[in-house]
Amino acid sequence: MILDLLRPKQIYNSIFDIPLERLYRDGIRGVIIDLDNTLTEWNNPELSRQTVEWLRRAERIGLRLCFVSNNSDERVRKIAETVRVPFVARARKPRRRSFLRAMELMQTRSEETTVIGDQVFTDMLGGNRLGLLTILVTPISKHEFIGTRFVRLLERLILYERS
Ligand SMILES: [Mg+2]
């Protein structure tokens, strides 16, 4: 069912609430991470210190990371290079290709890969199509791209729909 493909496997308020150690114990080795509104505000060129520490902690646990963003190469590269995390920009999520590319970069299989993002129609749909563990977080900023706002409305309908 299409709704099952949109529905996240886990939901948290922010990346900081995600139980990274438990993910690792459950066999997760690679983490695909969305940028805008997941790690940072839309088009904010910097990550907070707390976010950088979170990334470092994930790596220390043994998780490989990869940013996958629909934003421009320049935007994504700037952030990725400051924290030395591999990335796929202009990803065209929910298309599968960029997720496959990320797994190739992290050398992980789909059953040991999770995708963390704030959008149902890109991050969750793309991840679920490949059988990844999909984790939805609340978007950081309310000041987002206007087109996204309508999508949020649809997302809310889906998240609160009970099967
Ligand atoms: Mg996002």
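Helices (H or I, at least four residues) and strands (E, at least two) are DSSP runs, numbered from the N terminus. This is a predicted model, in which local features need pLDDT of at least 70 and side-chain atom pairs count only at pLDDT 80 or more, while totals for chains, interfaces and linings use all residues. Residues are numbered from 1 along each chain as its sequence is written, and side-chain values use heavy atoms, with hydrogens and water left out.

**First stop: helix H6**

Select residues 120-129, which form helix H6. Buried means under 20% relative accessible area, exposed over 50%, and partly exposed in between (1.4 Å probe, protein chains only). Of the 10 residues of H6, 8 are buried, so the helix is largely enclosed by the rest of the structure. Among the buried residues of H6 are Val 120, Met 124 and Leu 125. Next, select Gly 131, which follows H6 and has a positive phi, near 75°.

**Second stop: the magnesium ion**

Select the magnesium ion together with Asp 34, Asp 36 and Asp 118. The ion is coordinated by OD of Asp 34, O of Asp 36 and OD of Asp 118, at 2.1 to 2.2 Å. Donors are N, O and S atoms within 2.8 Å of the metal (3.2 Å for Na, K and Ca); water is not among the atoms, so sites may look incomplete. Along the sequence, the donor residues follow the spacing D-x1-D-x81-D. Asp 36, in the loop between strand S2 (30-33) and helix H3 (49-61), and Asp 118, in the loop between strand S5 (113-117) and helix H6, are 82 residues apart, and the pair links distant parts of the chain. Are these two residues buried or exposed? Asp 36 is buried, with a relative accessible area of 11%, and Asp 118 is also buried, at 3%.

Select helix H7, residues 146-159, where Leu 153 lies. Phe 150 is exposed, at 55% relative accessible area, whereas Leu 153 is partly exposed, at 44%.

**Last stop: a loop residue**

Select Arg 92, in the loop between strand S4 (87-88) and helix H5 (96-106). Arg 92 counts as exposed, at 55% relative accessibility.
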